[in-house]
Amino acid sequence: MDDFLIRALLAGLLITIIAGPLGVFILWRRMAYFGDTLSHSAILGVALGLLLSINVKIGILLSTLLVAALLIYSQRQKKLASDTMLGIISHSALSLGLVLISFVEGVRVDIESWLFGDILAVSWNDIAYIAIGVAIVITVLLVIWKPLLSLTVHEELALVEGVNVSLISAIYTLLIAVLVAIAMKIVGALLITALLIIPAATSRQFARTPEQMALFSIGFGMLAVIAGLFASFLSDTPAGPSIVVSATVLFLMSQIFKKV
Amino acid sequence: MLVPSSKDSELLASLDQIHLSLQGKTILHDVSLKLQAGKILTVIGPNGAGKSSLIQVLLGFEKPQSGNVFRRAKLRIGYVPQKISINTIMPITVERFVALAGKRKSNALAALDETGVKHLAKQAIQQLSGGEFQRVLLARALQHKPELLILDEPAQGVDVIGQAELYEKIATLKDKYGFGVLLVSHDLHLVMQKTDHVLCLNQHICCSGHADDVSQHPEYQRLFGNLPAEGLAVYTHNHNHCHDLHGDVVTGECLHPEHSSKDHSHGNNMSEVDQSKSVSLAKEVKHKHG
């Protein structure tokens, strides 16, 4: 097996470890659009990184964290419906990013790799960066698991029982921002939400507890990464979209399995 | 199982001249109330009277424009919200749902046992009926060892017999643990029998007092018209007797013509229906306890 394929597999599998549990919460909290908004804003980060001549990874992390903060703030105002706010932020961040990238001189920017991922170009450095990110996210998530679950089930009950709802929600949002930043290279800004949602939806019918659903979601994510990468390797299809297609096939199979 | 009298008068929380308006519309005007340990306060009022907002203010979720909200320091509140729906995409059992409030698993089972729904522990929370769900919510509130229990329309979507049993359960638990109870409802005749004090709310407090006084109050009669006055009286009466008398006797007594006239009956079909409901209810409850 080629070295680049091993790196790609490793990177993909690492990402699914956090995409699984974060993804089930996205489903439970009906936040799919929210994930989209954060990942689209990462394109703005690419532009910032290039224009300010800083590391693009740092640019992405900064922009997703910034947009996450903006989202946390905007959820506290009640003038505009939340999906309206998300729509505005999501598409303006994406467009602004694309416009700004066109101003970058000298370098020819491979925009497609940022939109759809370039997992086959992952370096050992990238893997170290991803591993650190995954370790941080999973640790924080384990710490806030119970209050996050409680406020996800019912926010007012959690509040009455003493959960600091706004703090825990904010931390969760920041975790998704971190995930987006480190997963950009794997599946790209447009497809990250798929990696969060599809394996989580696939695992629903097999799970009897919230934790099972999160674990199964990791499992299905890993299957999708493996199947997608091999499909991509064998038939030379784009890797990121192949992973998403594999996840979708797994989802469809689970639906048929459910009927039988 | 009487609560010591010293604890009886202990003030848990109070509202003092609360004024709340949302988007320029007055929701609550000059509302005051006191919640004491071991006492049941029932707030009744028609839809849109501001009952839920009252709870929101008391819990601190809404900030009133003027007036004082007092909650005793570190007051533990058990809250039973109006019927809530849980996203079906979350796999969660009843036991786990209750345990979210507490520290250990065994507590959840004990609490479910106490509210009479231990047999549902392994079921998915989304499959419960209205009445079962209320009991599960009650169990979760108990997990928190509440000093004050707040219930928002706990009888919604629960049939008449289930309602009576639920109220009976709340009263029993109150006697056991000595917590104060705030119960909010628009459904009147079943609520009032165990309550210590009734507030009739329609943005402002129309009238207050003991259940029987309130039901005779002209403001109350104007608000609720012909509906529950007879039902209320019938039920209170029934309760005093249902353990002593046979079902037949209760029926006879409740349909006594003297009784209706005493209660300013508006004498339409609706109240007839209410009466017969209450009567059969009393029988049913007696059955279960007998």
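Student: In which sense do strand 5 and strand 6 of chain B pair, and over how many bridges?

Tutor: Start with the general idea: strands of a sheet pair through backbone hydrogen bonds, either parallel or antiparallel. Here, strand 5 (residues 77–80) and strand 6 of chain B pair in the parallel sense over four bridges. Strands (E, at least two residues) and helices (H or I, at least four) are DSSP runs numbered from the N terminus, and two strands pair if DSSP finds at least two bridges between them. One bridge partner of Val80(B) to look up is Leu151(B) in strand 6 of chain B.

Student: What should I know about the model before going on?

Tutor: It's a predicted model, where local features need pLDDT of at least 70, side-chain atom pairs count only at pLDDT 80 or more, and totals for chains, interfaces and linings use all residues. Residues are numbered from 1 along each chain as written, chains are lettered from A and ligands numbered from 1 in written order, and side-chain values use heavy atoms, leaving out hydrogens and water.

Student: Which strand pairs with strand 6 of chain B in the parallel sense over five bridges?

Tutor: That's strand 7 (residues 180–185) of chain B. Leu148(B) stands opposite Gly180(B) there.

Student: Why is strand 6 of chain B largely enclosed?

Tutor: In a regular strand the side chains alternate between the two faces of the sheet. In strand 6 of chain B, Leu148(B), Ile150(B) and Asp152(B) point one way, Leu149(B) and Leu151(B) the other, and all are buried. Buried means under 20% relative accessible area, exposed over 50%, partly exposed in between (1.4 Å probe, protein chains only). Five of the five residues of strand 6 (148–152) are buried, so the rest of the structure largely encloses it.

Student: Where do I find antiparallel pairing?

Tutor: Look at the open sheet of three strands in chain B, with the order 2-1-4. Its edge strands, strand 2 (25–36) and strand 4 (66–71), each pair on one side only. Strand 1 (residues 11–22) and strand 4 of chain B share five bridges, and Leu15(B) stands opposite Val69(B).

Student: What about chain A: is Phe103(A) buried or exposed?

Tutor: Phe103(A) counts as exposed because its relative accessibility is 55%. You'll find Phe103(A) in the loop between helix 4 (82–101) and helix 5 (111–116) of chain A. Phe103(A) belongs to a nonpolar surface patch, whose other members include Leu48(A), Ile58(A) and Val99(A). Helix 2 (32–51) and helix 3 (56–74) of chain A each supply at least two of the patch's residues.

Methods
Patch = residues over 30% accessible without salt bridge, like charges linked within 9 Å, V, L, I, M, F, W, Y side chains within 5 Å. Areas by Shrake-Rupley, 256 points an atom, 1.4 Å probe, with all protein chains shown as cover. Salt bridge = Lys/Arg side-chain N within 4 Å of Asp/Glu carboxyl O.
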